[in-house]
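Here is a two-chain protein model to go through by question and answer. Please look at the sequence and structure first.

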Amino acid sequence: MHDDLYLALRQCIIDGDPEQAIELCQRALAAGIAALDAINEGLVPGLNHVGEQFAQGEMFLPDLVMAGEAMKAATAILEPAMQKAGARRETLGKVVLGTVQGDIHEIGKTLVGTMLSASGFEVHDLGVDVPFETFAVKARELNADVVGVSALLTTTMTGQKNVVEALERHGLRPRVKIVVGGAPVTRSWGEEIGADGYGEDALAAVALAKTLLGK
Amino acid sequence: MQREGMAAGSVQLLQDWRLQIDVDMVLRGQGADAGKMRARNARAVAVAEKALREGMGLLDPRVAYRRLAVHAVRHERVLLEGGGALSGPLVTRHLGGAQWAVVAVATIGARLEARISETLKEDRALGLALDGLGTAAVEALAAAACGHFDEVALREELRSTTPLSPGMSGWKIEAGQKEIFGLLDGGAAGVRLSACCLMTPRKSLSLVVGLGKEVRMGGEVCDFCGLRETCRHRKQYEALAQAAREK
């Protein structure tokens, strides 16, 4: 009955249009659509489409970021309505994220955070040049499910191993899952240092986090 | 821009670059196929245009370089005048026949990076586009610097090699960065090297070009890139290189 509106919501995510997303969400609520339905029937299919197109090389990082920003704008409108109705979108898990000590590359890690948030994870971005120990301290403090560690150089990716060791020292393993990523990082490197997985790009990181948490 | 030749020995600084960056370069700098983006996502193109307007004035392009005579090649080490050396299979293979090695660092400075970090907090799409501009700008600067080295080589009836950078296959980042920065002797255009061999400002490139009558030419940068097997952008770079060759 609201198929056209769901399709429009899907499309505004594909177009990466936050203004349109806000307007459509307001229209959906006014039409009596439950906020959770607007997310699950409209926004999420749009995000999934962007992910599929990205994987096929038809969409690119700017598309991903813009879709994530549109998703953020939309959920900011829908969440108060959900709370009012006593409903809540399932949080897929808590993620602590950062670029490892010695490395100040920001973009890749930020994109991973954007896509995790858009996909329903609660993300705590620690920033760049994050001390190894801080990943563990924050994971414990926030009761995180996943720690994401980014490194953009062969010289700094060795720090990902230090983060794994810090989480072990804090007794957080194997409950807290560790995902590594960054240009020089490979699956075999992740295995070698005892991480739970390697995300080739932002969307792979989302898929991996979901798999690791059984979502 | 017409420039003088290259003095040998001491560190030289080249400034006053007029970089020509267009929207397609900003899109490519974000890892996107500019043609596909133009056909499908007008908003992303508009964001790239905005990044270009806001970011160009924040570029401070500088290139520091030093031209050093190649004395000998021994055991995967290129021995240079003054006692310095470059080591590893990649540099020895390409600089083996060179009379000169030009070591250089190119940077667009720190102002754009500061803007990128600020912008990412509020507007990630624009932050990414500004980062794409920075990537495009430092690549264009390095290409312009290499163009300058090529011109000088031609005037001296020499040939120049493909530019080589630490991190390429056969040249470890740790060794290469320390060697280049050591040879530039603290005069690296304001670029600093961290203990992890990370350059700051981040949008900087270090490289070496060999000059000589017998140097091996041929090959594109992607042929030697350590990320060649996994790079999402390789096809685009190779297509651009092909287009440049056909001009």
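**Backbone, interface and contacts**

B:Asp16 lies in the loop between strand E1 (12-14) and helix H1 (23-29) of chain B. Helices (H or I, at least four residues) and strands (E, at least two) are DSSP runs, numbered from the N terminus. The model is predicted: local features need pLDDT of at least 70, side-chain atom pairs count only at pLDDT 80 or more, and totals for chains, interfaces and linings use all residues. Residues are numbered from 1 along each chain as its sequence is written, chains are lettered from A and ligands numbered from 1 in the order in which they are written, and side-chain values use heavy atoms, with hydrogens and water left out.

Q: What is phi of B:Asp16 near?
A: Most residues other than glycine have a negative phi. B:Asp16 is not glycine, yet its phi is positive. The value is near 60°.

Q: Which residues does the cis peptide bond with omega about 0° join in chain B?
A: Most peptide bonds are trans. The bond joins B:Thr200 and B:Pro201.

Q: Where is A:Pro174 found?
A: The peptide bond from A:Arg173 to A:Pro174 is cis, with omega near 0°. A:Pro174 is in a loop of chain A, between helix H7 (158-169) and strand E4 (177-181).

Q: What area is buried between chain B and chain A?
A: The contact (heavy atoms within 4.5 Å) takes 29 residues from chain B and 33 residues from chain A. Buried area is the accessible area (1.4 Å probe) that two parts lose on being put together, summed over both. Carbon and sulfur atoms give 61% of it. The total is about 2700 Å².

Q: Which element gives the most to the side of chain B that touches chain A?
A: Elements giving two or more residues to this side include helix H2 (34-40), helix H3 (42-55) and helix H6 (124-155) of chain B. The top contribution is five residues. It comes from H6(B).

Q: Why does the salt bridge of A:Lys109 and A:Asp125 tie together parts that are apart in sequence?
A: The two side chains meet at 3.1 Å, N to O. A:Lys109 lies in helix H5 (residues 107-118) of chain A and A:Asp125 in strand E2 (residues 122-125), so the pair links parts 16 residues apart in sequence.

Q: Which backbone oxygen does the side chain of B:Arg62 reach?
A: B:Arg62 is placed in strand E2 (residues 62-74) of chain B. Beyond its neighbours within four places in sequence, its contacts include B:Trp17, B:Leu141 and B:Ala189. At 2.9 Å, the side chain reaches the backbone oxygen of B:Ala189.

Q: Which ring does the charged end of B:Arg67 sit over?
A: The rule asks for NZ of Lys or CZ of Arg within 6 Å of the ring centre and within 35 degrees of the ring normal. Here the distance to the centre is 4.1 Å. The ring is that of B:Trp100.

Terms used: Salt bridge = Lys/Arg side-chain N within 4 Å of Asp/Glu carboxyl O. Polar contact = N/O pair within 3.5 Å; in protein donor to acceptor, adjacent residues only side chain to side chain.
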